[in-house]
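My notes follow in the order I took them.

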Amino acid sequence: MEILLSLLVGVLMSVSVWMMLSRNLVKFLFGLVLISNVANLIIFKVGGLTVGAPPLIVDGDSLQYANSLPQALVLTAIVIGFGLVSFTLVLALKAYQAIGTVDVDEMTLAEQRHDDPEDQEKSS
Amino acid sequence: MNGLLIACILVPMVTAALSFVSTSNIKARGAISVAGSIVLLALAIILLYQVVYSGPLSNQMGGWQAPMGITLIADTLSAMLIVVTAIVALSVNIYAMGDVSDARISGGFFTFMNMLIAGVVGAFLTGDLFNLYVWFEVMLISSFALLVLGGNKVQLDGAVKYVAINLISTVLLLTAIGLLYGLTGTLNMADLSLRVPQVENQALVAVVAVLFLVAFGIKAAVFPLYFWLPASYHTLPISVTAVFAALMTKVGIYALMRTFTLIFPGEHSVIDMTLLCLGLVTMVLGVFGAMTHNDVRRILAFHVIGSIGFMLLGLGLGSALAMGAAIFYMVHGILIKALLFMIAGIIGKLGGSFELARLGGLYQERPKFAMLFLLAALSLIGIPPLSGFWAKLLIIEAGLHHDATVVIIFVILVSLLTFIPLIRIWSEAFWKPKPFGTRTSTDPSNSKAIGPSVSPPDGYAWTPVLGLSLIMLLIGFLPGKIIELSDTAAQDLMNPTVYLDTVLPNRSSAQINPNEAQE
């Protein structure tokens, strides 16, 4: 089981890195969603997998118990990751609507070198 | 006095909530926010006072003892940085009242600003690695909100890059934390400091250390991971840029300092060497980048990167002396960056543009303001007796101590080069006569922008700028106390016994040995 999970982490990680190398912002975002889940899997895996044992012991004398801390960490990370990803998706949508492209090579508004009226926009 | 630590985090959080919920009046929101940062400043000063006179304070959340629960701890470094953070928060909040458009304020500008401050303070205070990640997220999500608030096209474009790279850094940080937990079975930083040397597979520890280096390096805008910074900072309102430039990157440096002294201390000399080289390259590229740009804000953004290089040097040299220099530089850097960006904001208001070509004649118009800029610029360059001089002197002194000739040469060279972009701002914006027909025709936003952005700077803009200048002058003329504090903070960092005793008062003597063997 642990080996399987490790392999899964490896495969997903390479897939997500490949996707994030893309110029297409949407593809990049999918890569980001994947890689944040890979990070969660890593935490889950390195915490040690205990099959069929409860994380919370009631009577105190059961010897088999699962480490609940990685699960708590993963839960926190999932919640945070979900928030960030949904924010990023909306940001990408807004950026697409405003700039009109999802190709990051063409998203150069913020870094134009020459006197372009867009670049001069005042701060507030 | 355990409540103090929590109060330092809660005050900006409560301020954030109050400024959004309690009123919809624009001015009232600003006033609440300013009041909140005054309270934070007072608390921070009390905290610093207590830490200096009675040692680090710690607090175990929920009553769970140290390795189990989440620890909050304030040592000298944390307390100093929180005071500086509170000063920046106060000045930026005042500045923002006169600078940020009404639409942005009703969109929750002050809420996000205060949450950002809460995240920064939390990151400085936490003694738990996963908790550090959470505070980074608090900081990050507030900074995202500030980035896109009231966004135009340019702002959105900058935001996409900022968000993308920061999310990657977040994932790396989370992975590194997960792996370290797998290796040691603990997340408490003090406990990690004891357990990491006991890990058998030290090669894996080095890998994890590099993951932390990359993750925090992105946050701190270290070469070669700094490209997001100049791509996004200049698209923002000045109040946001000031707080980003002053605080966000420095939190990354703080995290680097903390992890590489406490969890992965000196023995990884390869990493120290890497930090040193990265520091050198970062500061050279920062200053070169500053030379190539014509927008005041972009020039300053590259100076932010340059100063990150100086702090890395201190960390890379790895002695208490060098660390003290880096800490002093950090205090100086945070304040001077906030000040310079606010001055840039005033330049923009007076001249109607941030492009050097369109500015001019400000010296004739406002000689006193010109002197103020000159003072801040000279302080950044490091002309005695201003604060930047002491910061650079301390680094050179540490370099001499290590016989690191290269470091000394680079520090002096880069300081000289820093002169060029700043003097360009001086000669273009202040010295040369005003270009014909500016102010009205060439600035396209004059017709579009609403409210305070086109009006001449008012009291809200002048108060924080004058206040910060005064603080910079004070640091310049009376650097003794702060150098002393920085040195204490550095000693505590390099020799974490006090830190460990505070967090883990009951650690067994068997656990102490491997740690001391390593020092």
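**H17 of chain B.** I started with helix H17 of chain B, residues 387–401. I take helices (H or I, at least four residues) and strands (E, at least two) as DSSP runs, numbered from the N terminus. The 15 residues of H17(B) should span 21 Å at 1.5 Å a residue, and the end C-alpha atoms are 21 Å apart, so the two agree. The expected span is 1.5 Å times one less than the number of residues.

I then looked up burial in H17(B). Ser387(B), Gly388(B), Trp390(B), Ala391(B), Lys392(B), Leu394(B), Ile395(B), Ala398(B) and Gly399(B) are buried. My cut-offs: buried means 20 or more other C-beta atoms within 10 Å of the residue's own, exposed means 12 or fewer, partly exposed lies in between, and C-beta atoms are placed from the backbone. An α-helix has 3.6 residues a turn, so residues three or four places apart point the same way. The cover over the buried residues of H17(B) includes H13, H14, H16 (367–381), H18 (405–431), H20 and H21 of chain B. After H17(B) comes Asp403(B), with a positive phi near 55°.

**Ground rules.** The model is predicted, so I note that local features need pLDDT of at least 70 and side-chain atom pairs count only at pLDDT 80 or more, while totals for chains, interfaces and linings use all residues. Residues are numbered from 1 along each chain as its sequence is written, and chains are lettered from A and ligands numbered from 1 in the order in which they are written.

**H14 against H20.** I moved to H14(B), one of the helices that cover H17(B). The axes of H14(B) and H20(B) (residues 459–477) come within 10 Å and cross at roughly 145°. Axes are lines fitted to C-alpha atoms, for helices over the stretch in contact, and angles run from 0 to 180 degrees between N-to-C directions. The crossing is left-handed. Left-handed means the near helix is turned anticlockwise from the far one by less than a right angle, and right-handed means clockwise. From H14(B) the contact includes His332(B), Leu335(B) and Leu339(B); from H20(B) it includes Pro464(B), Leu468(B) and Met472(B). I count a contact when two C-beta atoms, placed from the backbone, lie within 7 Å. By class, the H14(B)–H20(B) contact has 14 nonpolar, three polar and no charged residues. Ala, Val, Leu, Ile, Met, Phe, Trp, Tyr, Cys and Pro count as nonpolar, Asp, Glu, Lys and Arg as charged, and the others, Gly among them, as polar.

**H14 against H21.** H14(B) packs on H21(B) (residues 480–494) at about 125°, with the axes 8 Å apart. The two are therefore oblique. Under 35 degrees is roughly parallel, over 145 roughly antiparallel, 65 to 115 roughly perpendicular, and the rest oblique. This crossing is right-handed. Among the residues in contact are Met323(B), Ile327(B) and Phe328(B) of H14(B), and Ile483(B), Asp487(B) and Leu493(B) of H21(B). The contact divides into 11 nonpolar, three polar and one charged.

**H5 against H6.** H5(B) (residues 109–125) and H6(B) pack at about 160°, axes 8 Å apart. That makes H5(B) roughly antiparallel to H6(B). I noted a left-handed crossing. Phe112(B), Leu116(B) and Val120(B) are among the H5(B) residues that meet H6(B), where the partners include Trp135(B), Met139(B) and Leu146(B).

**Two single residues.** Is Ile299(B) buried or exposed? Ile299(B), in H13(B) (residues 296–317), has 24 C-beta neighbours inside 10 Å and so counts as buried. Leaving out residues up to four places away, Ile299(B) touches Ala290(B), His293(B), Pro421(B) and Ile425(B). Tyr363(B) sits in H15(B), residues 362–365. Tyr363(B) has 19 such neighbours and counts as partly exposed. Beyond four places in sequence, Tyr363(B) is in contact with Ala370(B), Phe430(B) and Trp431(B).

**Chain A and the interface.** Chain A has three helices and zero strands. Of its 124 residues, 27% count as buried. The contact between the chains takes 43 residues from chain B and 36 from chain A. H7(B) gives the most to chain B's side, with 17 residues.
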